[in-house]
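Hi,

Here is the structure I promised to pass on. My notes on what turned up are below it.

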Amino acid sequence: MDDLERIAAEITAYYRALDECATLRHHFRHADEEGGLWFIEAVSDRGELIVIKQAELTAAGQLHRYSWEHLEDEHGGLTAIDPGQDPLEAIPAGEFQRVWTR
């Protein structure tokens, strides 16, 4: 296994462990400049909120999902958030799940 494969495997394992071990999850919605909506599930790790699932619903109605199972593609990938800086709206878990399972 080369260095890039090892790093990718470690990143995937980190996000998977966060997802599988989390007891408290936070859910947010964010509107982007293009009219799309981002739905985010995050957990706390070492004092920071880490995005573990993200669903992006574009203005055209396309849905892109990211998690440890699919970290990124040509449309984007899991993002970092800073609730103090980013305009995030807290939403109920059910709202996130409706979009995520769509």
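**Helix α1 and its buried side**

In α1, the buried residues are Tyr-15, Leu-18 and Asp-19. Buried here means under 20% relative accessible area, exposed means over 50%, and partly exposed is in between (1.4 Å probe, protein chains only). Seen down the axis of α1, its buried residues fall within an arc of 100°, so they line one face of the helix; the arc is that of the directions from the helix axis to the C-beta atoms. The face turned away from that buried side carries the exposed residues Asp-3, Glu-20 and Cys-21.

Before going further, please note that this is a predicted model: local features need pLDDT of at least 70, side-chain atom pairs count only at pLDDT 80 or more, and totals for chains, interfaces and linings use all residues. Residues are numbered from 1 along each chain as its sequence is written, and side-chain values use heavy atoms, with hydrogens and water left out.

Helices (H or I, at least four residues) and strands (E, at least two) are DSSP runs, numbered from the N terminus. At the N-terminal end, α1 is capped by Asp-2, with a side-chain oxygen 3.2 Å from the backbone nitrogen of Leu-4.

**What the helix packs on**

The buried residues of α1 pack against β2 and β3, where contact means heavy atoms within 4.5 Å. Asp-19 counts as buried at 11% relative accessibility. Leaving out residues up to four places away in sequence, Asp-19 touches Arg-25, Glu-41, Ile-52, Lys-53 and Trp-68.

**The strands**

β1 (residues 26–31) pairs with β2 in the antiparallel sense over six bridges, and β2 pairs with β3 in the antiparallel sense over nine bridges. Two strands pair if DSSP finds at least two bridges between them. The β1 and β2 hairpin has five residues between the strands, and Gly-35 takes a positive phi near 90° there. The hairpin of β2 and β3 has two residues between the strands, and Arg-46 in the turn has a positive phi of about 55°.

**The cores**

The largest nonpolar core has 13 residues, and Ile-40 and Ile-81 have the most contacts inside it. A nonpolar core is a set of buried Ala, Val, Leu, Ile, Met, Phe, Trp, Tyr and Cys residues joined through side-chain atoms within 4.5 Å. The elements giving two or more residues to this core are α1 (3–21), β2 (37–45) and β3 (48–57). Apart from it lies another core of six residues, among them Phe-39, Ala-55, Val-99 and Trp-100.

Cheers

Terms used. Polar contact = N/O pair within 3.5 Å; in protein donor to acceptor, adjacent residues only side chain to side chain.
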